[in-house]
Amino acid sequence: MSLIHPWLLLGLGLTAIPVILHLMLRATPKKLVFPALRLIQNRKRQNTQRLRLRHILLLLLRMAVIAAIALAIARPKVPAGDYRPSLYDSLRLLLVLGAATGVYFGLLAYWKRQKLPPHVTEHRRTLLRYATTAASILLFLLLVAWPYQQRVSASMDKPMSPGDANIPVAAVLVLDTSLSMQYRFENRTRFEIAAEIAARHLASLPSGSRAAVCDTALDAPIRMQTVAAGQTRLANLQTRIASRPFEEVLEAALQAQWEDREKPAAKTTAAATAGSVPVDEFAREIYVFTDLAASAWRGGEAPRLGVLLNQLPGLKIYFIDVGATEPQNVGLSGLSLSTEEPVLGSDLTVRAMLAATGGTPTERTVELYFENDAGKLVKRDPVTIRLDPANPAPITFNLADVRGTVRQGELRIAASDPLEFDNRLSFTVQIHPPRKVLVVSDTRASAEGLMNLLAPPRVDAQYDCKFLQPAGLAAEPLKPYSQVWLVNVADPTPAGWKALRKFVEEGGGLGIALGSRTKLDAYSADQLPDAAAILPAEPLVRAVDPRDPVFLDMQDLAHPVMSRFQDWGVAELTGVEIPRYWNVGPVGEARPLVRFTNLRHSPALVVRDVGKGRALLIATAIDRNGWNDLPTAGWKYLAWMYEMARFLAQAGSQQTNVQAGSDVVVPLDPELRMDKYLLQKPAFEQLPGVIPTDAEQLVLHDIDQLGSYRVRGSGEAATFERGFSVNAAPHEGVLKKLTNVDLEKNLPKERFSISQSIEGLQREVYDIRIGRELYPFVVLMLALAFMGEQIVANRFYEK
């Protein structure tokens, strides 16, 4: 413990005044003639003992009053630390008080039942008071004070700060720039309040301090600079559409502090003697200005935070909570489309979730806007929903007969609220005509099952299928097709394999379904180099008719062909017996996705990437004919074949709806020579860009606005047009706040504090840099001593 005004401790000498007054003003006993009765003499001795004890107690209390006044004026302080009594300290204190009270009143009740003479009872009561008081003090010291002292001794012996308000500070100021900081209350956003508090505190740092200002996007390294440079950086910050989790932000801030401390310029020599230990000349602090939204944290453990904090023992983290106390918000999230690449003339379904935070059940109207042929957003039929904050409500819109090439739309909440960004969701669809599929088979009957599955007789069919016999494969122009299927083909011919190899390597898809007509030599990777270049697998022996029942084993559901079955389930497919199949061996870097349940666990579905294209092989027939009854699995079989076709056509390779913070990949048209492009942003700002030579796709990194974008070609490629939409992460609109308990999962409670204002922040910083003042505690002790002095004096002079 130290003192802010130590010279005022001279006032402790005033405690001698009560002693002097007590000695000078001591009453002189008066001699009275009275019968020498033994009883009176005994009473006199008892009274004399009691009065002597009261004299001493009254003297000590008066001395304590003067000592407490002197200490309060001297303003004692202790190093920063957690000096709050723990739960166990409080329980032990209550136990001591309860035991003392119980013993005292229990003995008084017992003596009262014995009906002792009044003077005996009074004498015993006096002794009991002093005995219970002494015992209580002893138990308090042993059970409460001693454990408490052991717990806080670390803070006393190893203070976190040097106790100097003017020591230079190396501070990292982190401003939460997530979208939730746009919440507006009393006509000010949370970010505006955070920036104001940060600016005021930055200006109040001691002379010689250094500062680094960063945001939660972490798109620039954190470096210590002058306070003036930090103020300039702070003035240029604004909210961003994407932020890193707070665990990563704090790790980066701690890493920056550690790296700065290790620089020679940040150290001074503690003494001029040889071998002295370099000492950090800066007090190190991190300030986080945030609304403490729980969604900004990843939620798991962050062990690296503990490691970095151990390397910086004197550092303290200050959280400045600028969030609204009771936020209220209604927002849209969870946008999903029935497809991002609808077929020309088909229907489109748009879904989203409407959720409320705080408030009472209310009604909200959501409107759908969709582009017309002129490129203008036109409002469709709105939907009004009764919304309960406890239950998010699903919203569904249907768009019929979508046409065009690139079409964009929006969902909007008709009313406004304090958080505007989640009142709108944007979406983009890339409309295309049905993709052409060439189905090659020896007989049309074998091909009809696949053709009817991919191209049913309706307007919104995703594919346009054409039948071809193997003899015409070499002469058929394959470029217009998205994929070619070989269904139970006996011999594709070497010329056919050559044409297929060129087609796949240039970006086409090849699907192979073996069957009863398949010839081993016609699919041999050893004899046919063109086939070997594109075959996912080759038949090893003749078709197998197993004795024991064989089924499909679908365990690898991570691949795009199988990923949707993670939600749908595969029981209907794996429950169908496969009476006949081919044993095949993967070729090259092919990957088996599905296997049979035979003893060899041989591959049933194998995929392979070839050049720019893809190929897959099914080791059993898809035209039934006694090979299997997979078509009886219902819609799961149809969906499985449909996912294979999507995989071969590379459908969904273009990102049309992305989450903020992601890079956007725009495939380029290989038929168009593009060296420049124009990016149109949601705010109608147009930015030109250059495309690298021979690039097959355009990667856009700096996407800084929510809404819909368009990419257009220039010059000879002026007809090129692609679009995409960017929406915030769903958690950005969740305003539930973190508590101390949540923060303590990753941060030791003695290493951080939470303030709600600049005044609270300055008090916390003062306590850490200077130490915690004991002035309130000393004043409390003064009040208790003065109260005790008054009680004892009144009882002493009562008679």
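## Briefing: a sheet, its strands and the charged pairs

Strand β3 (residues 169-175) pairs with β6 in the parallel sense, over six bridges. The model is predicted. It holds zero disulfides, and the count of salt bridges comes to 31.

**The open sheet**

- Six strands make up an open sheet, in the order β7-β6-β3-β10-β11-β37. The pairing in this sheet is mixed.
- The edge strands are β7 and β37 (752-755), and each pairs on one side only.
- In the pairing of β3 with β6, Ala-170 stands opposite Arg-210 of β6.
- Strands of a sheet pair through backbone hydrogen bonds, and the sense can be parallel or antiparallel.

**Backbone exceptions**

- Most residues other than glycine have a negative phi.
- Leu-218 is not a glycine, yet its phi is positive, at about 55 degrees. Leu-218 sits in the loop between β6 (210-215) and β7 (225-226). Its relative accessible area is 26%, so Leu-218 is partly exposed.
- Gln-650 also has a positive phi of about 55 degrees and is not a glycine. Its place is the loop between α14 (635-649) and β30 (657-659).

**Cysteines**

- No disulfides are present.
- Cys-214 has a relative accessible area of 3%, so it is buried.
- Cys-465 counts as buried too, at 16% relative accessibility.

**Salt bridges around Glu-410**

- Side chains of opposite charge can pair when their charged atoms come close.
- Glu-410 forms a salt bridge with Arg-412, and the closest N and O atoms are 2.7 Å apart.
- Glu-410 also meets Arg-424 in a salt bridge, at 3.7 Å from N to O. This pair links distant parts of the chain: Arg-424 is in strand β19 (residues 424-430) and Glu-410 in strand β18 (residues 406-413), 14 residues apart.
- Glu-410 is buried, with a relative accessible area of 12%. Arg-424 is partly exposed, at 44% relative accessibility.

**A bridge between two loops**

- Lys-681 and Asp-704 meet through their side chains in a salt bridge of 3.0 Å, N to O.
- Lys-681 lies in the loop between β32 (676-680) and β33 (686-690), and Asp-704 in the loop between β34 (697-700) and β35 (707-713), so the pair ties together parts 23 residues apart in sequence.
- Lys-681 is buried, with a relative accessible area of 6%. Asp-704 is partly exposed, with 43%.

Key
Residues numbered from 1 in each chain as written. Predicted model: local features only at pLDDT ≥ 70, side-chain atom pairs only at ≥ 80, totals over all residues. Heavy atoms only, no water. Helix = DSSP H or I, 4+ residues; strand = E, 2+ residues; numbered from the N terminus. Buried < 20%, exposed > 50% of the residue type's maximum accessible area, 1.4 Å probe, protein only. Disulfide = S-S within 2.5 Å. Pairing = 2+ DSSP bridges. Salt bridge = Lys/Arg side-chain N within 4 Å of Asp/Glu carboxyl O.
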